[in-house]
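Please find below my notes on the model under review. They are set out as numbered points.

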Amino acid sequence: MPFDDEEEIAQPDLSLIFATNATNFNAVKLFIDRDEECLAFDMAVQMHHNHITDSHFDSQDVVSPRRNVLTFFGAGGVGKSSLSRALEIRHSGDDRQQRQNWPVMQRQFEKPVEARVDLASDSGIDLERILLSIRAAVGRLGRPMHAFDITFSRYWEHAHPDTPLDEFLRGDGALRRASEAIRLPEQMQEGLAEIAGAFGSSSAMVSAASRIALAIGRAARRHRALRHAIEDCRRLKPLLQAEPDLESLSYYPHLLSWDLSELSRKLEGQFHVTVFLDTFEDVTRQTDRSFERLLQRLIWLMPNVLFVISGRNRLDWADPRSAGDLQWSGPESWPGLAIGSSVEPAQHMVGHLSYDDSARFLSLRLRNGDEPVINADIRAQIARASGGYPLYLDLAVARYIQIVGAGARPEPTDFVSGFPGLVSRVLRDLDSDERRLVRILSLLDSFDVELAVSLANLESEAVAVRLTHRLFVMSDEDAPFPYSIHRLIRREVQLASGGADAFTPADWTRYAQRAFDTLGERYHRASRAGARRTANSALNQALRLADEYRLDLGWCLEASYVFIEDCLWEGSVRPLIGADEASPAAALARTMLAVVDHRWQGRLRGDVMSTDLRETARALNEVLSAGLLTGDARDLATYYAAEAARELGDAAEAERLIRSISGSSDTRIASLASKGLVHPLRRRGHFRELRDLVNSQPREAVWLQMAGTLSWSQGLFEQAKQEYKQSREQFIAMGYLGNAEELLGSLGFVCGLIGDDGSENTGIVAESIAAVQTSRNRWAALMAQLGAAALAADGSEVSAQRIMEIRDQGRAAGLTSIQSYARLILNLNATLSRSVEAMRRARADLAAAVTDGDFLWLLEICDFWSDDGQAGGTTPTADWLDGLTETRDRWRQVVRNRQD
């Protein structure tokens, strides 16, 4: 499209100015064309603002179609990121940086708010940072976001107990600048104080968001008004009652959306929030779509925020075929993203520049007064050869400066080659050290000066520092590794085979191995220092290198243990490995992501949990079937495949997989296998083998816990109590409070089975109930409740109803052991009722649940309680430690104690 006669708004281009000693020209940065994209953006903002200020708009509506996504997609190098930044400036209303040839934006609001998030894989971005970026942006409105601030502060206290939020913000460059500008921590703290005051609470309460959340929860349970605007937020209470984990975090955007909607109502719609998500292709090209699902959920739950996405690919969210991968899909959910949609916001392909616009760019890029420095013939040649790529134009200008700086006169023939040829010419104009360094660094997604010096074995930093000032080196000071060579340049450098100093295939492999090893050194150093983003970036890049060059997994296997154990997820590690790649590195990455994605999902409800589990099992079985992993890496995948099979109820398959790795050479895997074998042995009633396994292990906390579980299954309750107590003391001494909670729940259950015999049992049951009331450990809380139900069992229908409630809660949480133990206590209550019909129903309920052989020994215990066998009978299958007779007598005593 033609340009206006007005001069373009341009910033000085320091990289060109400092590339030569010439003083007879001025070099400026330019952004050209994209008038149609500008018009689409203006229309999208207007349509979106009209929609969210309509009287019928409801931010709490989570089912209506969404029209809050504007997408710009196109090939690399066509200027999508530049377009995104220009539109961000346009939305902000910063007149100093506006493009002169774009028309003035007609706004219907006074306060524009923008947030920018770069989703490049090497940026270490995760859900926490995305939410904090948006929260910092809306903080410019000067108002607390009460609903979001309560829940997020509570989440932060649980997820990062040793890192205050203000300290974290200070340590992150981009977040630090955004939050300091509006005093974000203070703003959030003031909002919490306001809510605490609404409850008549002391100021000391403000220091713990969890206490405020608990107070709100209590008010909800007592049906007392919250005395604050947040009482109208329908989903605040359930989100406060849910565990403050990553699963809950992914729903908190709904609360921020509600806060914004309430503020908009008060300010009569006089603000508009737009979030710019750049480099979205790094999200959509992953080995799975877990992180994309997170981002889609965030966008769906914030309908009053416009998201402007830029990336290489069209979003397929409106394609019904994406239903298996994404939570919301199809044109009925995303009408604006459907192919052919003409209503903004929609999807737009960003094409190449026209010949005229390319020539105009060149005439304005270098100026001597009012005249272009590059003559018309050379401008025409460059414009023809560029194919409309803005990056080509930039490189051509850089080459022009290099030729002039060398004292030569540029000619049109210097620019006859296409993009690959120009890259080769640019490389030839570098000195030999820089050329070698560019080739080496083209292996990496990102780097810093230290990494560059190490990889190239340079004697000083001078060459590396000089390279970071080149036009084709991008910089992001907030990234873990702040520099990166443009992706198109990287690709062409690796494809180029000409030149005396070009790398051979053996050279590329050798440098890939050196880069892999050096990244390992940085990974371990960053891990020791707690620099998670740097460690994750190093792991991302190393996995991709291992995939592309078929390197041994080396230190990545050790890192995978840490990754899985720490449950680092929501995008923190997502190497750029294609879904169809077949390599050990790709298989390891899929194993890590499958396991942690399942852990991150947590204990979801009902069919959703089963679906996620089946997907985890499928992914791990595919990895194993492919045969790409060997040794310890294969054993790692096998162990977690066994865990998935166990949770899906396939005990036989779980046991088979666990036994296959019981002799692993890796002590961690062998230990995991031993622990993993405990579950199928216990569930199947293979008690003698289980006893031998437990006795072969040290008397450490985890094995004492398993010894206690084995003891109570034999009716050895006092022994179980002592083993549980010892285990709990050890866990507390080690600081493992979650495990200690589990032990307290188990202690309460065992004491409940013994009954009120005048000893300490009643007190322990009461203690366990009180301690786990607010526990994040659902299993521990339900075990404690089962203990109380067992203690209170008296044969009444009231007791039966309470036990069935616990059973159903166990089913909702996906806890099969809770369900089975609840059915055992239900049979105890039925036995005490002396009702044959009640006993028959309770036994039938348990029998139907143990048809696969898991927990069949619980059915034998129920038959121990039926003296005349009138409720039914089963053939003994459990391998009771002291034989059938002694075990039966001990379990019968449980009933006699209560009848006496």
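Which residues of H19 are buried?

1. In this predicted model, the buried residues of H19 are Glu434, Arg435, Leu437, Val438, Arg439, Ile440 and Leu441. Helix H19 spans residues 432-441, and because 7 of its 10 residues are buried, the helix is largely enclosed by the rest of the structure. Burial here means under 20% relative accessible area.

2. The start of H19 also deserves attention. There, the backbone nitrogen of Asp433 lies within 3.1 Å of a side-chain oxygen of Asp431.

3. The next point concerns the sheet. Five strands form an open sheet with parallel pairing, in the order E4-E5-E6-E3-E7. Its edge strands are E4 (111-118) and E7 (347-349), each of which pairs on one side only. From one strand to the next, the twist averages 15 degrees.

4. Within this sheet, strand E5 (residues 271-278) runs parallel to E4, and 8 bridges join the two.

5. Helix H3 (residues 80-92) touches strands E3 (69-73), E4, E5 and E6 (306-311), and the direction of H3 makes about 160 degrees with that of E4. Helix H4 (residues 127-138) touches E4, E5 and E6, and its direction likewise makes about 160 degrees with that of E4.

Conventions
Residues numbered from 1 in each chain as written. Predicted model: local features only at pLDDT ≥ 70, side-chain atom pairs only at ≥ 80, totals over all residues. Heavy atoms only, no water. Pairing = 2+ DSSP bridges. Helix = DSSP H or I, 4+ residues; strand = E, 2+ residues; numbered from the N terminus. Axes fitted to C-alpha atoms, helices over the stretch in contact; angles between N-to-C directions. Contact = heavy atoms within 4.5 Å. Buried < 20%, exposed > 50% of the residue type's maximum accessible area, 1.4 Å probe, protein only. Polar contact = N/O pair within 3.5 Å; in protein donor to acceptor, adjacent residues only side chain to side chain.
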